[in-house]
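Good morning, and thank you for joining.

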Amino acid sequence: MNLVLKITSVILLFVAAIPTIRAEDVASSVIVDPPSLSLSGPASRHYLLVHERVADGVFLDLTRSAKYQVADPKIAEISDRGLVRGKADGATTIRVEVRGLVLSVPVVVRGASLTRTFHFENDISPLLGRFGCNASGCHGKAEGQNGFKLSVFGFDPPADFNALIKEGRGRRIFPAVPEKSLLLTKAAGQVPHGGGLRIQAKSEPFDTIRAWIAVGAPFGDANAPRVQSIRIEPAERIMPMHGEQQLRVMAKYSDGRDIDVTTQARFQTNNETVGAVEAEGIVKIS
């Protein structure tokens, strides 16, 4: 099941003027979510969310203002936006500094050196949706675009797989030199593309597609675990004017695993005059 296109999760955002909170009225507390982290498998990743509780039910997002440091960078790495990636098996800690406080998050990484297995519907189709490739204004429209047609919003992964691998004399995929595949060079703006730049070269999505092509662009095991549901964290927030909030998207797979799929998800707001949402899942209130 395509986690981006076939399952919908909703976050409720309430915009309000947050009253000034006096220190003597309520003690401010900073929370890192989750307080400890276990990453399993190759290319494992998970967002840390950092919040400050300023009143009952009122939290401020500090994820992007916090400073992060990994004790052992051979085990894991973290971006300035709080995205943790496993690199090698082992244990380490992440130091989170914000508001003059320092918190420590234990991290355990397992199975980082295992060979990654790809599944088109789980790994590639969500990226085509995230970057608008299968939208009705691009290759998802009824007649396709420039001879290349994808199912609108990715509702038919087998047909999309055939369009990429078999149609056009197979010229869209070049396993011998994956990064020279037409799929990537067009999306990355390295050759003329009517849709413009969609995926930054050497970004995580680019590297995922390149790695998939390098192993022969498989469709994947028909019995591979599928996404059964997704949820957004936090599920709701009271936010001040001009406030920001990093979202995290978690997917429940049919084998019981909970996996952070924020980097594969596509976000959309139903009222941009109130708040906009960036591709990375950052909500910004007007």
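Let us begin with helix α2, residues 157-165, where Pro157, Asp160, Phe161, Ala163 and Leu164 are buried. Seen down the axis of α2, these buried residues fall within an arc of 160°, so they line one face of the helix; the arc is that of the directions from the helix axis to the C-beta atoms. In general, an α-helix has 3.6 residues a turn, so residues three or four places apart point the same way.

Some conventions are needed here. This is a predicted model, in which local features need pLDDT of at least 70 and side-chain atom pairs count only at pLDDT 80 or more, while totals for chains, interfaces and linings use all residues. Residues are numbered from 1 along each chain as its sequence is written, and side-chain values use heavy atoms, with hydrogens and water left out. Buried means under 20% relative accessible area, exposed over 50%, and partly exposed in between, with a 1.4 Å probe and protein chains only. Helices (H or I, at least four residues) and strands (E, at least two) are DSSP runs, numbered from the N terminus. Contact means heavy atoms within 4.5 Å.

What covers the buried residues of α2? The cover includes α1 (120-130), α3 (182-187) and α4 (204-214). Turning to α4, its buried residues are Pro205, Phe206, Thr208, Ile209, Ala211, Trp212 and Ile213, and their cover includes α1, α2 and α3. After α4 comes Gly216, with a positive phi near 100°.

My next residue is Thr262, in the loop between β16 (258-260) and β17 (275-277). Is Thr262 buried or exposed? At 2% relative accessibility, Thr262 counts as buried. Leaving aside neighbours within four places in sequence, Thr262 is in contact with Tyr47, Arg130, Gln246, Leu247, Arg248, Val249, Phe267 and Glu280. Its C-alpha atom is separated by 12 Å from that of Asp123, 139 residues apart along the chain.

Finally, the chain as a whole. The protein chain has four helices and 18 strands, and buried residues make up 44% of its 286 residues. Among contacts between residues at least 6 apart in sequence, 55% join residues at least 24 apart. Along its principal axes, the C-alpha trace spans about 70 × 45 × 35 Å.
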